[in-house]
Amino acid sequence: MGQRWALRVARAYDGERFRRDGATVVVDGDRIAGVEPAAFSPPGDVPVTDLDGTLLPGLVDCHVHLVAAGAFPGAQGSLEWAGTADPASVDLVVTAALEDHVAAGVTTVRDLGDAGFRVLAHRGRHPERLPRVVAAGPPLTTPAGHCHFLGGAVDPDDPAALDRAVADRVERGVDLVKVMASGGFLTPGSDQLGAQFEVAPLRHLVDAAHTAGLRVVAHTHSVTGAEVALDAGVDGLEHFTCLAPGGVHAPAELLDRVASAGVTVDPTLGHDAARFPPVSQMPPHVLEMLARIGITDRDAHFAQVARGSLRLREHGVRVVSGLDAGAMPAKPHGHLWRSVAALVEGGWPVDEALATATSAAADDCGVDAGRLAAGRLADLLVVDGDVATDVAALGRPVAVWLGGVAVGT
Ligand SMILES: [Zn+2]
């Protein structure tokens with residue numbers, strides 16, 4: 001048994017629902033030993049910390065790019081930069097990103113866009129000080145495909161190369177595999193409306209990963225890319241923006257198919273509007289693509305995307321939250337609360353929106369956290385205010401614990 005102590009807060013969310021009577025969480029070493037109402041008095045020898053605000057499990061961000069500081073494409077600190085920067089510089093960016101996450105109460109991150117496998121070395125390096133890291137290594141993509149500059153390009157017509165790419169990841173000990181099923185906004189010349197892989201090579205990759213016991217998540221902005229990824233048997237869909245010529249729309253049959261296949265969707269919602277350029281200032285390749293889809297008003301588009309997220313819920317799709325932190329200036333590390341706030345803006349009940357960033361996210365990442373429950377890791381977050389009525393309070397951290405150890409915020 002470790003050293004027991006207790007944290008008592010009048011408002012609490014346990015990973016699935018708000019607790020009417022608040023919570024006194026008893027911590028033993030790095031685990032939660034018990035969860036009682038706030039009125040509960042632990043034995044006299046157990047020190048109690050009393051705080052105002054709302055107590056939650058530490059947040060779990062399912063989609064980050066730790067190697068990027070969120071700069072514009074091509075600039076120092078961007079994903080493109082990470083693909084060519086020296087390892088020591090990348091390590092500094094990774095550490096700074098992890099510090100931003102934990103200060104914000106994000107106690108687990110899933111990295112889906114590594115460069116040079118740098119992120120793997122950061123797993124478990126400072127377990128008492130920096131978030132838990134689940135890492136995919138560089139995303140698999142086609143030559144010159146989306147994020148090829150991260151070093152994960154493979155020739156889809158060469159089955160031996162596909163096998164080698166997966167075997168390399170297995171050997172290095174990745175936690176899952178990420179594949180780019182469609183083009184992306186950060187990569188000029190890649191096609192956001194199409195599919196990067198045919199079904200057969202993508203299924204080859206997925207089967208090889210599954211044989212090694214690894215899950216596969218697929219980046220896709222297009223309806224076509226999502227369909228190919230589902231045909232190939234992926235386990236998760238990132239973004240799932242459902243772009244198609246003439247608009248943004250997830251067909252009901254596609255949503256039903258995702259739900260019945262048990263595939264997780266991470267819609268990567270949320271951004272800091274103050275740091276998002278207006279449509280008129282987007283690079284030419286993005287403008288051209290937006291015109292093909294018919295997007296002219298940025299804020300109207302994002303409001304539509306937020307409303308669209310409600311359809312995931314209505315069709316019974318399992319949803320987790322990831323911000324895509326580091327991908328661009330509007331998505332800073334540690335701002336996962338914006339993903340939750342976007343779901344609420346789209347019409348999600350607050351408790352269900354929070355589950356996408358706590359219990360559901362932890363389950364999807366395979367970490368034993370995400371819930372205020374006996375036996376779980378004592379990753380804890382207290383924020384300033386009542387999250388049930390003011391979801392933005394999630395972005396106002398007061399105190400954070402990692403495995404029962406207090407972290408400076
Ligand atoms: Zn990303």
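Predicted model: local features only at pLDDT ≥ 70, side-chain atom pairs only at ≥ 80, totals over all residues.

User: Let's start with Ser339. Why is Ser339 called buried?

Analyst: The label buried needs a relative accessible area under 20%. Ser339 has 1%, so Ser339 is buried. This serine sits in helix H9, residues 337-345. Setting aside neighbours within four places in sequence, Ser339 is in contact with Leu269, Gly270, Ser321, Gly322 and Leu323.

User: And what makes Val320 buried?

Analyst: The relative accessibility of Val320 is 0%, and that is under the 20% cut-off, so Val320 counts as buried. Val320 lies in the loop between strand E14 (318-319) and H9.

User: How do you know which residues Val320 is in contact with?

Analyst: Contact means heavy atoms within 4.5 Å. Leaving out neighbours within four places in sequence, the contacts of Val320 include Cys62, Arg110, Asp266, Pro267, Ala360 and Asp364. A separate value is the distance between the C-alpha atoms of Val320 and Thr268, which is 8.6 Å; those two residues are 52 apart along the chain.

User: What makes E5 and E15 a strand pair?

Analyst: Two strands pair if there are at least two bridges between them. Strand E5 (residues 48-57) and E15 have 4 bridges, so they pair, and they do so in the antiparallel sense. Here Leu56 stands opposite Leu381 in E15. E15 is also joined to strand E16 (residues 397-402) by 4 bridges, again antiparallel. In that pairing, Leu381 stands opposite Val400.

User: Why are both faces of E15 said to be covered?

Analyst: Look at each side of this strand, residues 380-383. Leu380 and Val382 are on one side, Leu381 and Val383 are on the other, and all of them are buried. Each therefore has a relative accessible area under 20%, and this holds for both sides.

User: What makes the phi angles of Phe117 and His239 worth a look?

Analyst: Phe117 is not a glycine, yet its phi is positive, about 55°. It is located in the loop between strand E7 (106-111) and E8. Phe117 has a relative accessible area of 14%, so it is buried too. His239, also a residue other than glycine, has a positive phi near 75°. His239 belongs to strand E11, residues 236-244, and at 7% relative accessibility it counts as buried.

User: How do you know where empty space is left?

Analyst: A probe the size of a water molecule is rolled over the atoms to show it. A search of the whole structure finds 1 cavity of 30 Å³ or more.

User: What makes up the lining of the second largest pocket?

Analyst: A pocket, unlike a cavity, is open. The second largest pocket holds about 170 Å³ of space. It is lined by 13 residues, and the closest to its centre are Val134, Asp175, Leu176, Cys365 and Gly366. Strand E8 (132-135) gives the largest share of the lining, 3 residues. By class, the lining has 6 nonpolar, 2 polar and 5 charged residues.

Notes: Residues numbered from 1 in each chain as written. Heavy atoms only, no water. 1 Å grid on protein atoms, 1.4 Å probe; cavity = no way out; pocket = protein on both sides within 12 Å on 5 of 7 lines; lining within 4 Å. Points joined across faces, edges and corners; volume = space filled by probe spheres on them. Helix = DSSP H or I, 4+ residues; strand = E, 2+ residues; numbered from the N terminus. Nonpolar A, V, L, I, M, F, W, Y, C, P; charged D, E, K, R; others polar. Buried < 20%, exposed > 50% of the residue type's maximum accessible area, 1.4 Å probe, protein only.
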